[in-house]
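Trainee: Could we take a close look at one part of this model together? I would like to go through its salt bridges.

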Amino acid sequence: MRDLSIQHPKRGSRRKVLLVEDDASVVASLRLFLKSDYEVHSASTVSSGVNLFKNLQPSLVVLDLRLADGDGLDVLREIRSINPVAPVIVLTGYASMKTAEESLRLGASDYLHKPFDGYKLKSRIIELTTEVPSQRQESEAASETVSVPAHRILELERKAQASSLFLHDASNPVTTALTAAEFLCDAIASDPERFGEEIRDIGDLLYGAMGFISGLFEQSGSIECMRRLESSEVAIHRIVDLAVNMVRGEAQANNVTVTVHLQSRNAKVCVNRFAMARVLLNLLRNAIQAVEPHTGRVALRADVVGKHVEFSVLDNGPGIPSDHMGRIFDAHFTTREEGSGLGLYICKRLIENMKGTLSVRNEPNQGCCFFIKIPCL
């Protein structure tokens, strides 16, 4: 285990770190790494991130570029208008030369791609929160534009070229980590008195995250070459709980109410659990982003109807324009400036891979509703 602890001069003098990240699992994991040495605060939206920065004046910001209500670059611009030299580490799961260059131009201290090594991130945080900016750094950061060094552009290009190798090289260690996480959870469950509640929560967090990542590898291959996903019997509530827990933080940040209605929690379907959870997660996130804060309502239902389980995600947003209805499942069709247009396309392919159907319709005076129909056991 690597020792990255910090010796603080006196009680109450811990530096503040602000996490601007809308994925609750990422926030939880970063808190585990940082809480012993830093006073950790978090925000999940552009507006709350900017407001917290103004009020807290943190020593460092860890910033995700894709947030529930907008672009993380907007947060970086606001931070730079308030404090030209505050260290900001930018995180992203979406490699983009344009956003990388823009974040560096705006004075980001570093630019890291997900997944990242928690210890390396903490080490970088320690470096940035203990060094004193030089006068040259201050004048550069205060200027309206910052030129991006050629070697940083070359570095980003190399990362983009290497991305195709990542899936191949990472698949084996992800499998190893998932197996280890499952063993850890089994060990904790077999002797609950020996382990505290926090250790149990860490085990559950690790296993859920690694399982979801492992599922992404398999789903990627099945989408590209139409290979049948490995399926197994699983209770409906296990799929729903996984998806809802991963979107809960985003819903709370947007003041959107998410309700779950399960006709039979223990009814079983034969599907790939993580692929099914991924589809529900995508539909829930789309619904949360489609409704208005405070009045937004999203309902997830799962009912057994004959020989099928029917899932539905209903929102009270504005609905889908009629001229878009025939195209929303097409690859690369999107109405969002930063969208990839692949979310619903992948969802449909995954559901069809599991012998199900995915459809959508506008609901009168309510919004829209996505329907999934899967054979049950």
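Trainee: Let's start with Glu250: does it count as buried or exposed?

Mentor: Happy to walk through it! This is a predicted model, where local features need pLDDT of at least 70 and side-chain atom pairs count only at pLDDT 80 or more, while totals for chains, interfaces and linings use all residues. Residues are numbered from 1 along each chain as its sequence is written, and side-chain values use heavy atoms, leaving out hydrogens and water.

Glu250 counts as buried, at 2% relative accessibility (buried is under 20% relative accessible area, exposed over 50%, partly exposed in between, with a 1.4 Å probe and protein chains only). Its partner in a salt bridge is Arg285, at 3.2 Å from N to O (a salt bridge is a side-chain nitrogen of Lys or Arg within 4 Å of a carboxyl oxygen of Asp or Glu). This pair links distant parts of the chain, 35 residues apart: Arg285 sits in helix α10 (residues 273–290) and Glu250 in helix α9 (residues 236–253). Helices here are DSSP runs (H or I, at least four residues), numbered from the N terminus. Arg285 is partly exposed, with a relative accessible area of 23%.

For another pair, turn to helix α5 (residues 118–130), where Glu127 and Arg124 lie three residues apart, about one turn of the helix. Their closest N and O atoms are 3.0 Å apart in a salt bridge. Glu127 is partly exposed at 40%, and Arg124 is partly exposed at 22%. Both belong to a network of salt bridges that also links Asp110.

Across the whole structure, a search finds 10 salt bridges.

Terms used
Helix = DSSP H or I, 4+ residues; strand = E, 2+ residues; numbered from the N terminus.
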